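Visitor: Could we go through this structure together? I would like to begin with its strands.
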Amino acid sequence: MDASNAPAQVRLSGAVMSHPRRAEEARRIAEADPLGRVLVITDPEPDGRPTALRVAPLSWSCVAPDATHHLVLQDDVVFAEGFFEHAERAAAAAPGEAISLYAGWDSRNGAVARLAALVGAPWAYTLQEHVPCQALILPAEAARGYEAFQREHGGGWPYDVVVQRYLNAIGMPVRFCTPSTVQHDDLPSLAGNTYHGFRQATLFTGEAGPVDAGGPCPRFPVVPFYQYGEARCAVLRGTEWEYLETERQLARTGLLDACLAALDAAGPDAAAGLLEGSGRPVWLTAFALGVVTADLPEPDPQIAAAVLESLGTGGLCQEYTVAELLAVVPAVRDFALTALAAGRRAGADPAVRTPRPAPLARVAVTGGDPDFARQLARLLADAGYDGGYDAGDDGGHVAGHPAGPPSAGDLDGVRYVVHLGRPEDGELLAEVLAAAAKAGVERVVYAGSSAVYRGSRERTVTEELPAAAPADPVALAWWREEQTVLAWGAEHGVPVQVLRLADPVGRYAPEDSPLVRWVNLAWTRRPLALNPLGRHQVLDHRDLADALRAVLAAPPAQPVLNVASAAFDEQELAGFLADVSRRTPWEWIQDPTVDRWTMATGLIGAELHWQPSAELRESMRALAQWWACDIHGDYTVPADRTAPAAPSGPDARA
């Protein structure tokens with residue numbers, strides 16, 4: 001925001017959130033303010049289970065009566081020189097916004113800070129993720145409103161997630177400065193977050209410089225990041241963030257071949273000294289950073305080296321010790337700098353982009369949850385299918401997902417319809433089939449559910465079951481939809497295949513699935529009730545798209561196929577979810593009537609040579625992050641508050 005809109009004078013009050021075990025650290029932080037404006041707020045139930053949620057409302061509500069802004073600090077921070085003067089100037093530069101003074105190297109927002117530093121932007125708007133709360137400034141009235149929001153909506157969620165949801169609810173943008181002006185001290189977490197590993201700022205220089213009040217504050221449309229050992233990108237599509245593998249994003253823009261060729265040209269010695277398995281994802285991330293910034297001036301060499309030094313430590317901090325991480329910093333930095341330079345060259349040269357091949361066929365995805373369907377449509381587009389319209393920001397043609405029931409016109413020219421079953425939406429399937437008949441669709445794939453087997457007494461269920469209408473009402477609803485689409489195909493002479501899908505795992509999984517219920521319990525610190533007899537099969541959405549690719553690439557043969565990525569007992573599955581969200585106790589329940597069957601999945605492998613390939617820990621983590629960070633909307637930033645710091649068109653994206 002322009003400094004001319006700033007209040008005549010920022011009057012700052014503050015608090016440091018603390019626990020009696022950290023009394024001395026909190027006192028030192030408060031006393032660092034030369035004007036004595038920072039209060040120490042102590043956990044009112046120090047013998048209770050440690051949680052920031054008990055002390056947060058007290059810390060945000062102690063705003064001084066005459067304050068224009070309120071600063072809340074955590075008790076494990078280290079200040080840059082001149083921190084408090086910088087905080088006042090930052091508040092004056094953006095008086096109506098939330099300002100975080102820290103971005104951690106292990107987060108999506110740490111990747112935003114890395115990108116901001118590379119392009120020389122003094123500010124950046126956050127991604128949809130938990131708000132960095134180590135040092136956070138809110139306008140005074142927003143600070144006073146937090147307590148009531150947490151009381152109504154906190155529900156045991158992590159504190160930084162509750163803050164994110166509060167700021168979304170009031171429509172307040174969140175920006176942070178680069179470099180960070182606080183550093184995360186390496187103290188054990190009292191709130192149970194030690195398993196997140198060694199945590200530091202993406203960029204911390206030790207001195208808080210002048211505030212560039214009029215400097216650009218972009219919300220980057222593409223943010224490559226390296227997290228949990230995986231190279232991924234956040235891509236803004238309208239008002240929605242898509243999170244996908246960096247390889248897929250580079251392939252969409254025709255630059256994956258150039259990226260991998262540059263990696264080969266660098267030679268095996270270039271990755272010497274890196275931790276096992278980290279070379280390729282580090283290269284992909286740094287190359288994508290180069291592509292995103294290719295049309296901007298060369299980054300400051302010292303800044304580029306500093307932010308790429310933290311790339312490997314941030315991406316692997318949960319897997320390795322501090323000593324192991326710090327030992328490889330120089331090797332990661334030099335390797336990533338080489339990749340960054342290669343990405344900048346490739347991004348600036350249209351000739352190196354690989355043209356998109358001709359589409360295999362036009363396909364439409366109908367039914368189901370709209371977000372899940374759109375996600376699946378994009379995956380089918382990445383597999384070479386075409387929805388028949390130029391999606392622009394999607395980097396080319398994508399498999400279409402008509403909004404609402406499609407008309408024959410929506411399906412004009414479509415060869416294949418993939419319909420995601422939804423028995424609760426009574427008339428939808430009939431409308432889709434009617435439109436498909438009028439449009440002359442050549443093939444329909446009905447994506448049903450393994451729930452059609454509910455109530456089965458078999459331990460292993462095959463595609464021949466159920467032999468008749470099942471008694472279970474949920475199974476019956478799915479069975480009836482299957483019968484409807486199979487009968488339609490026979491009547492119209494259109495090949496129809498039914499895929500019975502295991503429980504989806506990943507973003508947009510259905511809220512009534514065990515996976516989502518358990519993630520919700522884990523995030524809100526409630527015990528999981530597990531049945532030792534329970535069995536679950538799950539299906540990664542990428543495996544689903546690949547199974548559809550295999551089905552559509554072969555002549556229609558088997559009318560029914562079971563599709564799953566893996567099967568787990570309840571304890572094994574709960575352990576997976578605890579590792580990627582929040583560890584929580586389990587309680588055992590005994591229910592001998594629970595379904596104990598498992599779908600046989602050998603038929604699709606024998607017929608189509610399809611096997612699941614997705615990394616399930618990654619998809620479970622995506623589910624957990626989505627449920628925590630992405631289901632409660634987003635804030636919007638008026639165009640006049642931003643200045644472009646990176647190209648935003650599809651051809652400029654990584």
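The conversation below turns to one strand and its neighbours, then to one helix.

Guide: This is a predicted model, in which local features need pLDDT of at least 70, side-chain atom pairs count only at pLDDT 80 or more, and totals for chains, interfaces and linings use all residues. Residues are numbered from 1 along each chain as its sequence is written, and side-chain values use heavy atoms, with hydrogens and water left out.

Visitor: Is strand β15 enclosed or open?

Guide: Seven of the seven residues of β15 (residues 443-449) are buried, so the strand is largely enclosed by the rest of the structure. Buried means under 20% relative accessible area with a 1.4 Å probe, protein chains only. Strands (E, at least two residues) and helices (H or I, at least four) are DSSP runs, numbered from the N terminus.

Visitor: Which residues point which way from β15?

Guide: Val444, Tyr446 and Gly448 point one way, and Arg443, Val445, Ala447 and Ser449 the other.

Visitor: How many bridges join β15 to β17?

Guide: Six, and the two strands run parallel, β17 covering residues 496-501. Ser449 has Leu501 of β17 as its bridge partner. Strands count as paired if DSSP finds at least two bridges between them.

Visitor: And in what sense does β14 pair with β15?

Guide: β14 (residues 416-420) pairs with β15 in the parallel sense, over five bridges. There, His419 is the bridge partner of Tyr446.

Visitor: Changing topic, how many residues of α9 are buried?

Guide: 13 of its 14 residues are buried, which leaves α9 mostly covered.

Technical notes: Buried means under 20% relative accessible area, exposed over 50%, partly exposed in between (1.4 Å probe, protein chains only).
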